[in-house]
Amino acid sequence: MAGLIRDEDIALVRERARIDEVVSNYVTLKHAGGGSQKGLCPFHDEKSPSFNVNPSKNFFHCFGCDEGGDVISFLMKIEGLAFSEAVERLADTYGVQLRYTESTGATGDRKRPSNLRPRMLEAHKAAQVFYAGHLETADAAQARAFLEQRGFDQDAAATFGVGFAPRGGDDLYKHLRQRGFNDEELVTGGLVAQGNRGHYDRFRGRLLWPIRETNGDVIGFGARRIFDDDRIDAKYLNTPETPIYKKSQVLYGIDLARREIARASQAVVVEGYTDVMACHLAGVPTAVATCGTAFGEEHSRVLRRLLKDHDEFRGEVIFTFDGDAAGQKAALRAFEGDQSFAGQTYVAVEPDGLDPCDVRLQKGDASVRELIARRLPLYRFVLGNVVSRYDLDRADGRIDAVREAAKLVAAIRDRSKVEAFSRELAGMVGVDIDDARAEVRRAAHRRPDDRGRPAVGPDRSVEPVETPSAPPLPDLRDPRFSLERETLKLVVQHPEAVGRMAKDVDGHDFTHPTYRRVWEAVVACGGPAGAPSGEVWVAKLRDSDADPVLSQALSALAVEPLLSDEPTTAYVAAHVFRLQEITAMRRIAALKSRLQRTNPVERATEYNRMFGDLVALEQHRRTLREKAIGGDA
């Protein structure tokens, strides 16, 4: 076999490549004690972190899906790379010079090792500089006019690296060959194609946008038709699938947006390159776009990593669609992938049917920001589109509307959302909530499960199971309540460590009814600041209420080990203030929802009052985050 990387070089890569640094590019890691770190697994959906990284051992393991291995195997799985490709990428990052075994074929010629990735990246970097330089030439006058007509000046073009491909057939090919790149590197990377008459540039006479990875490496290009005599009719051409460019995984603008997405916990998904430019220049720096394909599951995975999207801090994803049939179809596809996110998904549609680029051009930067701010929950937009097809003034129209929309509601995997969506549907159509619930249950019964059989209740009965009037309480160990549980463990086991730090905590900070009652018992007994030490405190809490459910919860909270070795001040602060921050976030979300439903012209006084309350709540939330940020939870 030719071109194998030497074993000693692979060992050096494993030694130098820190697994916690590599994993941190994809997973938000937090210290978990004992030198380990923990986060949400990138290989399967979960709401509570079970993905562990041990830097001293340079290994990772997920206790949820059993994926594990070293730094090379992690990169192979997360990026879909072959072993040698993963080694080469790590070697390039950590400065390891790889050597390859050399063998001879039947003719005695030495075979060249296939270490193409670093060279393909270098070729794309050189191509981007080449294209950007040609945007200033006389031949690119029409391309510059295109940008100017859409409100983009020379500085904007430079910021986004926009360029122009010369109209000649092999200008880039000759340029890169002179720079030392060979045919295999250029053809495999997608910059050059090979025909009957030789090699030629893939992009000719087009305006080009470089498509980059999150780290800024150029991996491909998007090219727009400029000239009427272009022999290729397609308005846009993209780099084909290559070892470094996978269109189902890349998002245009992600290199510029990644920090803002993480900071703001928001991502805006638009439909084109110029829309991304318009959003960023108008003050929406979280905008990205897919590259010649619909938004899919792998795109969702990219955004989840940047959003730190999980059960405690939920980000928001805002899609922009045209209001036409194609836009509605795109919204439906996005709704089907909505459950990839823990946070809320929204849709922003301009009433006049304009995309963000046209909004900025015709109405100004502020209107782009307002377009995003006026977002609607995606489920409401999709359900509204379905309902709008029917005449709701007729009884049969209302029945048909509920029946059609119920299919979407029943398809939701997150059962906690079904009730809210059913209520929304009932309000849209104007039917009784019980009628909407019944139709959703029937739709769920008709929907086949993963094995192709009708989905039926646990008793396998033919009729759908009626929803009980008083559903059982959620499991106390449900990951959704992990922060509440850990905070109460601190209060019960170490009240002296909590002290007056929890003076502003109240029952509304606990969403589980049992945990709320535990806190009420704590308050009734004088709070953690005045708690007696040791077993006396736990006994006092248990004696305050004879309810067996409360007693059982207190017993569990008293004996379950903390997730930290010691209840340090930072650890307590990270839980107490984060608990209050999440409450503030819930209140902010509720207030934003009210603002969205309030007409600022007809109800100006009420709108302005709520807006002032929102500003104050946002400041309060930021203060709580600053207090919690030093925590090691």
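Start with the cavities: there are two of 30 Å³ or more. A cavity here is a set of points, on a 1 Å grid over the protein atoms alone, where a 1.4 Å probe fits but cannot get out. Grid points are joined across faces, edges and corners, and a volume is the space filled by probe spheres set on the points. This is a predicted model, in which local features need pLDDT of at least 70, side-chain atom pairs count only at pLDDT 80 or more, and totals for chains, interfaces and linings use all residues. Residues are numbered from 1 along each chain as its sequence is written, and side-chain values use heavy atoms, with hydrogens and water left out.

Select Phe160, Pro210, Arg212, Tyr252, Gly253, Asp255 and Leu256, which line the second largest cavity. Lining residues have an atom within 4 Å of a point. The volume of this second largest cavity is about 40 Å³. Its lining has four nonpolar, one polar and two charged residues. Ala, Val, Leu, Ile, Met, Phe, Trp, Tyr, Cys and Pro count as nonpolar, Asp, Glu, Lys and Arg as charged, and the others, Gly among them, as polar. Strand β9 (206-212) and helix α10 (254-264) each supply at least two residues of that lining. Helices (H or I, at least four residues) and strands (E, at least two) are DSSP runs, numbered from the N terminus.

Next, colour the sheet that contains β9. Four strands form this open sheet in the order β6-β9-β10-β11, with antiparallel pairing. Two strands pair if DSSP finds at least two bridges between them. The edges are β6 (163-164) and β11 (236-238), each pairing on one side only. Between β10 (residues 218-225) and β11 there are three bridges; in β11, leucine 237 is the bridge partner of alanine 223. Now show helix α6 (residues 141-149), which lies across β6, β9 and β10 and runs at about 65 degrees to β9. Axes are lines fitted to C-alpha atoms, for helices over the stretch in contact, and angles run from 0 to 180 degrees between N-to-C directions. Contact means heavy atoms within 4.5 Å.

Go to serine 265, in the loop between α10 and β12. What is phi of serine 265 near? Phi is near 55 degrees, a positive value in a residue other than glycine. Most residues other than glycine have a negative phi.

Then select the sheet that includes β12. Five strands form an open sheet in the order β13-β12-β14-β15-β16, and the pairing is mixed. Here β13 (287-289) and β16 (376-377) are the edge strands. Strands β12 (residues 266-270) and β14 (residues 316-320) run parallel, joined by four bridges, and valine 268 stands opposite isoleucine 318 in β14. Helix α11 packs on the sheet, touching β12 and β13, and its direction makes about 175 degrees with that of β13. Helix α12 (residues 297-307) also packs on the sheet, where it touches β12, β13 and β14.

Cys279, Leu281 and Ala282 in α11 meet Asp365, Val368 and Arg369 in α15. The residues of this contact divide into four nonpolar, no polar and two charged.

Finish at strand β2 (residues 36-39). Three bridges join β2 to β1 (residues 30-33), and these strands run antiparallel; histidine 31 has glutamine 37 as its bridge partner in β2.

Note on methods. 1 Å grid on protein atoms, 1.4 Å probe; cavity = no way out; pocket = protein on both sides within 12 Å on 5 of 7 lines; lining within 4 Å.
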